[in-house]
Amino acid sequence: MIKLENIERRYISDEVETTALLDVNLAVASGEFLAIMGPSGCGKSTLLNTLGTIDRPTSGQYWFGDTDLAAMGEKDLAKFRAAELGFVFQSFNLIDELTIQENVALGLAYRKDVAGNKAERVAAAMDTVGIAHRARHFPHQLSGGQQQRAAIARAIVGQPKLILADEPTGNLDTANGEQVMNILTALNDDGATIVMVTHSPSHADMAKRRIDMLDGRIVASAMRAI
Amino acid sequence: MNRFALLSLYRSLTRHKLYAALNIGGLAVGIAVFLVLGLYVRFETSYETWLPHYDEVYLVQTDSRVPDQPFSGRHHWTMGGLLEQLREDFPGIVGTRIEPMGASIIQDGVAVNEDLKRADDTFFDVFDLPMAAGEGRRALADPGNVLISQSVAERFFGSSDTAIGQTMTATIDHETRSVRVAGVFVDLPPNSELEFTMLTRLPDDADSPWWSNWGSTSLQTFLRFSNREDARQFEAATNAFVNRRATDNYEAPASDQIGINLLPIADWHLTPEGREPDSRRQSVATLGIVGLLTLLIAIVNYVNLATSRAALRAREVAMRKVLGADRAALIRQFLTEAIATVAIAGLLALIIVELTLPFINAAGGLELSIAYLGGDGVVVPLILLSLVIGLIAGAYPAFLLSRYPAASVLASAKAPGGGRAGTRTRQALVAVQFALAIAFMIGTAVLFAQTQHLRDSDLGFDREGLLLVRSMYLLDDEAQRRAVQSRLEALPSVRFASMSDGVVGGGTSTNVDSFAEGGSPPISMRRIAIGPAFFETYGTRLLAGRYLDAQHGMDDATSLEWEEPQNVVINTLLMRSLGYSDPAEAIGKQIGRGAPPRTIVGVVNDMRFLSPREPVDPTYYTYYEEPKYGVMTLRFTGDPRVTTERAREAWTSVAGEIPFEAETGTESLQEFYEDDERATRLFAIGAGLAVLIGMVGLWGLASFNTARRVKEIGIRKSLGASATDIVKLLVGQFMRPVLIANIIAWPLAYWAMRTWLAGFDDRIELSPVHFIGASLIAIAIAVLTVLGQSLRASRTAPSWALRHD
Ligand SMILES: Nc1ncnc2c1ncn2[C@@H]1O[C@H](COP(=O)(O)OP(=O)(O)OP(=O)(O)O)[C@@H](O)[C@H]1O
Ligand SMILES: [Mg+2]
C-alpha cells in the first residue's frame, strides 16, 4: 500500500545541518501493523510525519497506492489526510476548548465526502474505545489514558486506511498502555493498517513487524513469529 | 518593586517588542484623546470661573413668554432702563449694565477698531475685574476716562504703566473725542463671554425712546447677590415687579408675556438664547462622552491584551510557585508590573498631547493648554488613572493565576486561556469595542455629511459672490454715505448693490411684527427693509407678481406712516401661514390678520440668512427708495479679495477717518457653522483614534489567539484541514463579535444621530448608506487586521506546529 524510496530529510537552521532521515526505503502492505523503534533523536517521528504528509521529505519518492504523494500540492494533501489517515500522538493533542465528543467529531470535520449521520459515527467511535460516557467532558477533566483513547477515537472516526501513532503509550502507565495497545491490535484485526513508534519492546512485540532505526537510517527489520 | 520585578518587566516588554509597543501605544493614544477632549470640556465649562466671586454674579435674562415667535424664549439682553427700575423697587440691589458699543481709535490718521463696552460706574461692585495698573472703580465715575486692557496698553503705549494718564482719540457712538486712560485691566482670558478690550462709562440715555421699552433688548444687565438665598428671593419677586412695571407695553398681567430671570454667569456661555437649540452644551457633552468612551475602549483593550498575555505566563507562575514563591509575592509582582506599564503609557500620553495640541488647537480653533500641577494639573489624575487601570489589568494575572494549582498548569499541554468563559469574555469585550468604533464611524459619517450639506445646501440665494459692507452705519453724513454708495456701486466687478437692514449673517436690526385679530392666535413675521436692487443682488427667485420699485405708488415706504397702505413682497413661508398654497393666489391680497393695510405684490422664495439650526421665519419686505440704515450688500464677480480691496479703497477715498468693515457672504455665515464644524473635526479625530485603538486591540488579540492556537492548527492540519480552513477558522472567530457589534452600534448611532440632526432646521436625512458603509468598513478592518496573521499561521508546517508548546 505504501512505498518510500530513497527518502531523505535534512533540517537546515542557523547554518547547522541535521539529517533526520537518510536513504530510507520502506514498504508497508495493507493490513500491516508496523512498529518503529530506535534511540531518541534517530528520526522515528520524522519518518512517521513523512508518512503522514505533515512533513515533506527533502528528496525521495512516496507512493500511496498508485498516488505519487511527493508531487501533490498542499490542498490535495490536506484532503488526502482527511480521507485516508488517522493520527495518534504521545501528548494526545486534544483541543482544550472542545468537549471529547467535539474533539472526536473533528476527525470528520474536514471530510467533504462523508454524508449521512456523522453523530452516529462519532458515537460508534467513542464506543469502540470505551469513552462514550465522557462525551461531554473537557480533555482536562479526563485521565491520560482516557484522553489517549479519545484521541484514538478521533483518529478512527473517519475509518482511515492508515493509522499513524507516535508513542501512543509514552505518557501512560502500564495498565492504560495495555488498554491502548489492545485497542490498536483490535483495529488492526479489523483491517486497519497501523504504523506505530514506540520505546517499549513489549508493545513493539504486539505488532506484526518491527523496524529499528539509528541515525536516520533503517538498520533492521524483523517479522513477528506467529 | 525589587530588582527582579523590574528585570522581569523589562524582559517581558523587550521580548515582545511589537506587542508591547501596540499595547502601551494604544493605551497612550486612548489616554491622550481623553486628556485632549477633557481639556476641551474643562475649557468650555470654565467660562467666567476665572473671575473672583463669579458665583455671586448673575446675568439678567429677558424671558419672552409668548410661544412660537422668533423672539420666544430667554435672551441674554434686557432693556436699557431695567436697572434703574430695579433700584427703585429693590433698594440696595447691586448691579451694572454693560453695553457693547465698539470704538475706533485714531492713531497717526488710521482708524483701528477696538471692542469697547460701556458700563455703569457700579461695574466694579459687580465684577472684581483684576487691574494691572491704575484704579478701576474711581475711573468709571468720569465719562471722560477709559480703562484699557494690558494688550491694548502695550500696543498703543508700550506698557501698562506708561499708559496711565495718556489720551486717545476715539470715535464712540458716532462721536469723536479725546479720552483719558485711567486704568489698565488684566486681559480677559479666552474663557470669557465679556469680551472687551476697553471699558468706559455708560451715559444716562433715559431720553432714548427704547430705553424703558419693556421687551426691547439693547444691553446686558448684571446683578450681584452675596448668597444664593438672596438671589432666589429676588427671582421670586420678579413677576410682581414685571406686572407693576411693564404695563405700558403689555396687557395685564404682563408676566404672562414677559419676565426676567437670573442666569449665573458661569452658565452664560453654554446657555442657548431664545429659540436656539442647546447645541453648544450638546457638543461639549458629546465630545466629553467620546473622550470617556475612547478611554474606555483603550482600557478594555489594554486589560484584554494584558490578561490574555498573562495567561500565557501561567506556566511561569506555576514554576515560580514550585520554586517557592508565595502568593503575596506573585500578586505584588504582577500588580507592580501592570501599574508600571500603565504609567509608561500615561507618560507617553502626555508627550502625545504636548506634541499634538498645537494641531488640535488649529483644527478646532481652540486655545487649549495643558497644566501639570496645581488645581487644573493633569499629573495627579493621571497617576490615579494609572493606578486604577494598572490594578484592573494586573488583578487577573495577580489573583487568578497565582491561585491556579501549580500542578494542573504544569500538567496541561497547553497554556490556559481562561477556558470557554475567558474566550467568551474576550469576545464580548471585542464586540463592545467594535460597537463603539462602528457607532463612532457612523457618527463621523453623518456629521461630515451634515456639515458638507450645510456648505452646499440651497439657501435660497447664491452665497458666493456677496460682499457685505457692514460699516455703513458709521456714516452719519448723508452726502458722505451717498458718495460711498455710488463709489461702491460703480466698482467694475460689482454687478448689483443694495442696502437692507436684514442681510445674510444678520443685519443691523431685527424687526418682528406680531399681528392678532379677534381671538385667533397672533401671527408673527419678520420685516426686512430693503432698498433698490435688493432681490437682484441676492438673486432671489420671483415666484409670482413683481418686485418693489419707485415707479409704483405705495411701494416706497419712506414717506408713508405705519398705518397707511403699503405694498410689500412676502416669502413663501409667510404665504403659507397666510393660507395660500399658490403664489399667484396671494398677489393683490392683504396680509390682514389685524395688520395695517399691506398689499402683497410679489412672492419670493425663502432665504436662509441665519443659522441652519433655526427655522427660517415668515418674512415680508418693505421698500425704501433711499434707505438710511442697514448694511450694503454687493454682488460681485471674480476674486473676493480683489473686490474687498477695491471696496476698501473706494471707502477710504471718501471716508478715510471711518473704519471700513466688510466680509463676504460665506464669511458671515461661518459663525453659524464654525461651532458644529469644530465639534465635527474633534469628533472625527476622537473617533478615528478610537477606531485605531480598536484595530490595535483586535490585532493584539488575534496574535494572542493565533499564538495560543499554533498547536491546535497543527492538530487540525493533521486531521486534514486545508490552509483555507485554518484562515476561515481564525478570521471567523472575530466575525461573530464584529457582527454582534453592528447590532449594538446601529440603534445607538441611529438614536444619537437623530437627536443631533433634530437640532438643525436644515438637515440631511439619515441614510442607510452611513450605517452599512461604517459596518462594511469595520468588517473590512477586522478582516484585514487578522488576515495577515491567519495566513501566516495557516502556512506553518504541521509537524513544527505539533512540536510547539
Ligand atoms: N524542526 C526541526 N529543526 C531542526 N531539527 C529537527 C527538527 N525536527 C527534528 N529535528 C532533528 O531531527 C532528528 C530526528 O528527530 P525526531 O523527532 O524524528 O526524533 P525521534 O526519533 O522521534 O526522537 P524521540 O524518540 O526523542 O521522539 C533529531 O536530531 C532532531 O533534533
Ligand atoms: Mg519522536
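In S5(A), which residue is the bridge partner of Phe64(A)?

Analyst: Happy to! Please keep in mind that this is a predicted model. The bridge partner of Phe64(A) in S5(A) is Thr67(A). That pair belongs to the link between strand S4 (residues 59-64) of chain A and S5(A), which run antiparallel and are joined by 2 bridges.

Stepping back, these strands are part of an open, antiparallel sheet of 4 strands in chain A, ordered S2-S1-S4-S5. Strand S2 (16-28) and strand S5 (67-68) of chain A stand at the edges with a single partner strand each, so one side of each has no neighbour in the sheet.

Now to the packing of side chains. In soluble globular proteins, nonpolar side chains tend to be buried together. The largest nonpolar core here has 108 residues, and Leu27(B), Tyr538(B) and Tyr621(B) touch the most other members. Helix H2 (residues 17-44) of chain B gives the largest share, 14 residues. Both domain 1 (1-45 + 279-417) and domain 3 (466-670) of chain B contribute residues, so this core lies between them. Apart from this core lies another one, of 42 residues, and Phe64(A) is among them, as are Leu34(A), Leu47(A) and Leu48(A).

Terms used: Residues are numbered from 1 along each chain as its sequence is written. Chains are lettered from A and ligands numbered from 1 in the order in which they are written. This is a predicted model: local features need pLDDT of at least 70, side-chain atom pairs count only at pLDDT 80 or more; totals for chains, interfaces and linings use all residues. Side-chain values use heavy atoms; hydrogens and water are left out. A nonpolar core is a set of buried Ala, Val, Leu, Ile, Met, Phe, Trp, Tyr and Cys residues joined through side-chain atoms within 4.5 Å. Buried means under 20% relative accessible area, exposed over 50%, partly exposed in between (1.4 Å probe, protein chains only). Domain bounds come from an automatic or database domain assignment. Two strands pair if DSSP finds at least two bridges between them.
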